[in-house]
Amino acid sequence: SATSAWQEWAAAEFGGAGFGDARLDRRLVTIVASFTAAPMSSIPQASGGWAAAKATYRFLDNNRVEPEIIYERHRQSVLARAEAQPIVLAVADTTMLDYTNHPETEGLGPLSDLVHHGLMVHPTLLVTPTREPLGVIDAQTWVRDIDEFGKHDATRKSRDVSEKESQKWLGSMAAAERLQSELGDRTQVVSVFDREGDVYEVLATARLAEHRSRLLVRAKVDRRLKHPQQKLWDHLAAEPVASTVAIEVPRRLRQKSRIAELSLRFAKITVQPPSPRPASQGNQPIDLYAVYAHEDQASAGHQDPVSWMLLTTMPVESADQAWTIVQWYTCRWQIEILFKVLKSGCAAEERQLETAERLKRCLAIDLVVAWRILYLTMVGRETPDLPCTVVFEDYEWKALWVFVTKSRNAVPATTPTLREATR
């Protein structure tokens, strides 16, 4: 069956998870295999029968099944894949899982307003510079406090970052730093964040002497600099154009994908701390590199030109290095695709479970399944004409062939392409 075709992969990815009960370890493998074989199905449909579905519900209701154990076992597999790479990008972002249509679920919190409720999720996806997703190295999940939601807090700016949601970026950096310590000098880990990650504490942490992983974040704040121009955008705009490059901008809403020509400027900068700022929160200038990628003239029909101010702790002393930074930042789109797969391909928001804790356990499985689907899709797109055996074992694609064609005829003598198997 299709489920058994995924069993061996699930065993390699999650075998011996470490719940302290071998039966729970085996059940995790079975659930992962069934969810991967039928990602859009409900739990009873994916399980293949009521007895198996009941066992899955019992697993998700077990307090010994901690999501952190599931993520950690998967992370061990990610580490093994990362060891072969000279550069890996730890891309992080936040999404909301909306369970408003399941009002009976207990323990959820508000999302963007008081009408919608669900979970906040902030995963860190590891990808290569060629956009191959290697897996999830961290996932932070929380529920917003309904009593505090929407209240104006005059002390917010003076509060420590540990008391804000901004702490999630430091959590992602900690995961990247842990991975860096395990990989050593053979692989460089670079955290990649969008504008929301432009937090002074993030920049300051990335510049600590003991911090070995690197940072790449798109700037949101026009920060004060220790330079004649005083402000970030003015300073970079005054730099000469180092080169002109072209990137593919993915489609969004009603706009098609397109090619954007960007002018590149770069400079070494010194960022001044926000003022006023207590010494206990860090108030020293920070040395960084900035890359300014700006589309001087957008294509017809596109109102907003591409304009990225990128801050990094990686050295940028040439046009080639600046171009590399831009290319790395474009890999951030992979996590947006992961969210789409999680919600549409795995129907994570359709899970009908009674409590937020059960949803978190199920999410840990769904998130890894979403990564696996993304991985197969990306490999299939990049190298569609390769034989599918570069990803699938013989028994996997043959079982898939029989399952899809619903035929007992012999499988084809010629191995299908990766594109055919992925589709």
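Predicted model: local features only at pLDDT ≥ 70, side-chain atom pairs only at ≥ 80, totals over all residues.

Trainee: OK. Which strand does V249 lie in?
Mentor: V249 lies in β8, which covers residues 243–249.

Trainee: Is V249 buried or exposed?
Mentor: Buried. The cut-off for buried is under 20% relative accessible area. V249 has 13% relative accessibility, so it counts as buried.

Trainee: What does V249 touch?
Mentor: Leave out residues up to four places away in sequence. Then V249 touches S257, R258, A260, V306 and W333.

Trainee: And how far is V249 from D287?
Mentor: In sequence, they are 38 residues apart. In space, V249 and D287 are 30 Å apart, C-alpha to C-alpha.

Trainee: New topic. Which residues are buried in helix α4?
Mentor: α4 runs over residues 50–60, and A53, A55, T56, F59 and L60 are buried there. They cover an arc of only 160° around the axis, so they sit on the same side of α4.

Trainee: What's exposed on the other side of α4?
Mentor: W50, A51 and R58 are exposed there.

Trainee: What do the buried residues of α4 pack against?
Mentor: Three helices: α2 (22–37), α3 (43–47) and α11 (356–382).

Trainee: Zoom in on T56. What is its relative accessibility?
Mentor: T56 is at 3%, so it counts as buried. Setting aside neighbours within four places in sequence, T56 is in contact with I31, F35, I43 and S47.

Trainee: How do α2 and α4 cross?
Mentor: Their axes come within 11 Å and cross at roughly 120°. That angle makes α2 and α4 oblique to each other. α2 passes α4 in a left-handed crossing.

Trainee: Which residues meet there?
Mentor: From α2, L24, R27, L28, I31 and F35. From α4, A52, A55, T56 and F59. The residues of this contact of α2 with α4 divide into seven nonpolar, one polar and one charged.

Trainee: What about α2 and α11? At what angle do they cross?
Mentor: The axes of α2 and α11 cross at roughly 50° and come within 10 Å. So α2 and α11 are oblique to each other. Here α2 passes α11 in a right-handed crossing.

Trainee: Which residues make that contact?
Mentor: On α2, they are L28, I31, V32, F35 and T36. On α11, they are C362, I365, D366, V369 and R372. The residues of the contact of α2 with α11 divide into seven nonpolar, one polar and two charged.

Trainee: Let's switch to loops. Where is R131 found?
Mentor: R131 is in the loop between β4 (117–127) and β5 (133–142). Look at its backbone: phi of R131 is near 75°, a positive value in a residue other than glycine.

Trainee: How accessible is R131?
Mentor: R131 has 29% relative accessibility, so it counts as partly exposed.

Trainee: And A347, what's its phi?
Mentor: Phi of A347 is near 50°, also a positive value in a residue other than glycine. A347 lies in the loop between α10 (333–345) and α11.

Trainee: Buried or exposed, that A347?
Mentor: A347 is buried, with a relative accessible area of 11%.

Notes
Residues numbered from 1 in each chain as written. Heavy atoms only, no water. Buried < 20%, exposed > 50% of the residue type's maximum accessible area, 1.4 Å probe, protein only. Helix = DSSP H or I, 4+ residues; strand = E, 2+ residues; numbered from the N terminus. Arc of directions from axis to C-beta. Contact = heavy atoms within 4.5 Å. Axes fitted to C-alpha atoms, helices over the stretch in contact; angles between N-to-C directions. Parallel < 35°, antiparallel > 145°, perpendicular 65-115°, else oblique. Left-handed = near helix turned anticlockwise from the far one by under 90°. Nonpolar A, V, L, I, M, F, W, Y, C, P; charged D, E, K, R; others polar.
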